[in-house]
Amino acid sequence: MNKKTLRDVKLGNNKVVMRVDFNVPIDDGKIMDDTRIQAALPTIRHILDAGSSLVLMSHLGRPTGTGYQKEFSLAPVGAYLTDHCGLNVTMASDCIGDDVAALAAALKPGAVLLLENTRFHTEEVGKVDVSKLSDADAAAAKADMKKRQNRMAQQLAALGDIYVNDAFGAAHRAHASTAVITSYTSTAVAGFLMEKELQYLGAAVENPERPVLAIVGGAKISGKLELLLNLIDKVDAIIIGGGMSYTFKKALGEKIGTSICEDDLIPTALKTLESAKNKGRKILLPVDNVLADRFDADANTQIASGDFPDGWEGVDIGPKSITLFCAEVARAKTIIWNGPMGCFEMAPFAAGTNAICRAVADSGAVSIIGGGDSVSAVRKCGLYDKMSHVSTGGGASLEFLEGKALPGVEALDDANES
Ligand code: AMP
């Protein structure tokens, strides 16, 4: 990794400002999944054990950016950190302003200040709606927002003397608290979670144990096209399952009934297959599927190879595909998985995803689960702990595996900086 991490910083009586990803599901004030909170704890404890105090900041959901909104408040996370993690946490009523600055200044070593949702301010994201403005007014509005975003970042930075970014899940965003802030800090380093995410994902694409297998699924090709194209250059084989496989199937001249399909991407699907062939990469598509007569868990089903009958849609991979895919999984030494094999949320259509999950867990390969729906599939199977690395960032891991630079990482101090 070419960026500085917390290991490069000598901590003492410091005040650390840390961006975390506490964007967790909350229902009626109750944290429904604490994975992201637990994942940040090693970094948090390291900083506090070293005698520093800590200012934590995060976004939660997508508030309007016009101030406090109770349903997007991080207060339940503050209570969780106090009640379940044994931390001494003060909850701030905002993330910037004089009151927040005073609370941060008063922090004692070992104490934590959790700032309120950074997205209560539009400046965090820094976007302006210029759709109804003239070109000149749009340029002025953007410049004004940039200025305000810089001011917010500067205020956040001033709350401490060291900046740590452990929010891998937000690293693909160039926001005030994730990237702009580093212009106003003398020290900006990655936390342990960020480091671990980058190490696993980086090794999988840059220096993997071969053969490398990518398993790509999910609803649509459109969201995963860049991923597919980038992975073709890096991996030895790709399994394509889920809803996106039907566009490939149609592109190959087969009938797909009423299955989900992106007709406009048929030429791209063909080009992708061609490119994989030219590069000597193996692409495995389903050889049979579970079909349903409607998109419902109680639908009538049948297994089909080849053409699908009219009025039926593919909802999962079939038994022959499971055998074929699992054999490929067993051969792999490194596996990158992003996207389910079918509509796994409905139990009758989860067999394919579950079987792949079990095969990956049993494979002994380095297994990297790329966030989002694959993570909930792995969790549903009870095999979360059997994976080498389950990413906490769906969008960020996708962009990383697409070969894109992550602004939140780029903005950190370079490893060779003195
Ligand atoms: P994505 O967000 O692109 O990874 O897509 C995940 C979603 O794709 C999950 O909610 C799945 O239920 C859905 N999905 C997977 N296979 C199919 C399919 N054959 N038809 C419709 N949706 C699917």
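Mentor: A backbone N or O atom of G314 lies 3.0 Å from a nitrogen atom of the ligand. The model is predicted.

Trainee: Which other residues are closest to the ligand?

Mentor: 15 residues surround the ligand. The closest are A219, K224, G314, E345 and D373. A polar side-chain atom of K224 sits 2.9 Å from a ligand oxygen atom. For E345, a side-chain N or O atom is 2.4 Å from an oxygen atom of the ligand.

Trainee: How much of the ligand does the protein bury?

Mentor: The protein buries 79% of the 500 Å² that the ligand exposes when taken alone.

Trainee: Now α9. How do you know that its length agrees with its residue count?

Mentor: Helix α9 has 13 residues, 266–278. At 1.5 Å a residue it should span 18 Å. Its end C-alpha atoms are 18 Å apart, which agrees.

Trainee: Which residues of α9 are buried?

Mentor: I266, A269, T272, L273 and A276 are.

Trainee: What puts them on the same side of α9?

Mentor: They cover an arc of only 120° around the axis, so they share one side. Residues three or four places apart point the same way, because an α-helix has 3.6 residues a turn.

Trainee: What covers them, and what is exposed on the other side?

Mentor: The cover includes α7, α8 and β11. On the other side, K271 and N278 are exposed.

Trainee: What follows α9?

Mentor: G280, with a positive phi near 75°.

Methods. Residues are numbered from 1 along each chain as its sequence is written. This is a predicted model: local features need pLDDT of at least 70, side-chain atom pairs count only at pLDDT 80 or more; totals for chains, interfaces and linings use all residues. Side-chain values use heavy atoms; hydrogens and water are left out. Helices (H or I, at least four residues) and strands (E, at least two) are DSSP runs, numbered from the N terminus. The expected span of a helix is 1.5 Å times one less than its number of residues. Buried means under 20% relative accessible area, exposed over 50%, partly exposed in between (1.4 Å probe, protein chains only). The arc is that of the directions from the helix axis to the C-beta atoms. Contact means heavy atoms within 4.5 Å. A residue is near a molecule or strand if one of its heavy atoms lies within 4 Å of it. A polar contact is a pair of N or O atoms within 3.5 Å; within protein, one must be able to donate a hydrogen and the other to accept it, and residues adjacent in sequence count only if both atoms are side-chain atoms. Accessible areas come from the Shrake-Rupley method with a 1.4 Å probe; for residues, only the protein chains shown count as cover.
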